[in-house]
Amino acid sequence: MLDIQTLRNDLVGVAARLAARGYTLDTAKFEQLEAERKTVQTRTQELQARRNASSKLIGQAKAKGEDVSAIMAEVGALGEELKQLESKLPQVLQEMDVFLAVIPNVPHASVAVGKSEADNVEVRKVGEIPKFAFEVQDHVSIGEGLGGLDFETATKIAGARFSLLKGPLARLHRALAQFMLDTHTEQHGYTETYVPYLVNAESMRGTGQLPKFSEDLFHVYAGGKSPVEVKAYAGYTPEQIEKLEAEKLGTFYLIPTAEVPVTNMVRDEIVPLEKLPLKFVAHTPCFRSEAGSYGRDTRGMIRQHQFDKVELVQMVHPEQSYTALEELLGHAETILKKLGLPYRVVKLCSGDMGFSSATTYDIEVWLPAQNTYREISSCSNFEAFQARRMQARFRNSAGKPELLHTLNGSGLAVGRTLVAILENNQQEDGSVRVPEVLRPYMGGLEVIKAS
């Protein structure tokens, strides 16, 4: 959530920066809400002052034995108006919160202005793109040929956009997650966490998934409780949104990323300065409805409703957050380097960044069958945007609470890493070489062959 004080002081400037990412800030709406808030607060203060003054007059008049009925009638009228204003102010503030909740973060000054991924800036390429003396197969053909990738059965069990792994490929998937966790905990200083896969609405709000992206989430209604409405909040008034939320007391959300539960560990907390930075890593399944992606990446494991990810999360001092972003990016890159997979790093332009991000790097791994790089990790600095929503703070050197900066990145998406290994390490006979760093996790297996 943006700092309302920044909006008050530089509304035009903030609107211009948001326009760079394709978002039109309703400045008239903000000014209307602000004017309403000021009017209510100013009138409340005036009435309180008049009531206090009148109360003193009543005391003085009584001491002189004078009639106080007129003054008391005036105080009574003031009390009624004050009561109305005191109930009005929370409504105005609530409407302002709803307004602010759907405004994205402003891009950092270093972010290039652009409209789409075509305007992203390539930072570097790492590794040699493999050359093959035979016809390259995609990961679907390779996995099915090995007898370890079964989409037909997954579709029977769950539906489209699910996969089923068996035998050595299932073990390779597990090995990747363990290798990533070991690397990040033993070499990069992260604390491993095991977190809930179901979270409440407040956690989703804290990291920015709600209310704007409700339709991208899987909802779970506890105890068979039926929702009033399972669609997005689009088209609802603030009052209706609150009503829906109140009626969803038994609602949970399947996590779209471990970013949600891990970052919310510091919600409503004040972290001691000496504890910073906090660095956590978690391996979880991730669940996404993929709303709006119909027809895209329908073949294979690139875009699934369920996939595994090893997520890196940091909570840091604001002065250290951009140093931490480069560090976190390097930690994710280390995994690809150890696996020997070619990749590139791009810095996202203003129009391609996620809702909560101030700055994002994408790491894209080379996929021979697609003859292109595909995203395997996004590493972002959210500055204080999430922390403000969560009231996640630390006590600064002066002993005063101050908002943290939060960061996260995939370290890495496990399924897409598996895809990259299958395609980059394929051999002419259909077998796949196991990267050397994974062989201890695979019982020494060097090559996966058809069963």
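The structure holds 15 salt bridges, each defined as a side-chain nitrogen of Lys or Arg within 4 Å of a carboxyl oxygen of Asp or Glu. The model is a predicted one, in which local features need pLDDT of at least 70 and side-chain atom pairs count only at pLDDT 80 or more, while totals for chains, interfaces and linings use all residues. Residues are numbered from 1 along each chain as its sequence is written, and side-chain values use heavy atoms, with hydrogens and water left out.

| Salt bridge | N to O distance |
|---|---|
| Glu-333 and Arg-124 | 2.5 Å |
| Glu-202 and Arg-205 | 2.8 Å |
| Glu-311 and Lys-309 | 2.6 Å |

Glu-333 is buried at 3% relative accessibility, whereas Arg-124 is partly exposed at 33%, where buried means under 20% relative accessible area, exposed over 50% and partly exposed in between (1.4 Å probe, protein chains only).

Glu-202 and Arg-205, by contrast, both lie in helix H8 (residues 201-207), three residues apart, about one turn of the helix. Glu-202 is partly exposed at 35% relative accessibility, and Arg-205 is partly exposed at 27%. In the remaining pair of the table, Glu-311 is buried with a relative accessible area of 3%, and Lys-309 is buried with 5%.

Elsewhere, a network of salt bridges links Arg-8, Glu-34 and Arg-37.

Note on methods. Helix = DSSP H or I, 4+ residues; strand = E, 2+ residues; numbered from the N terminus.
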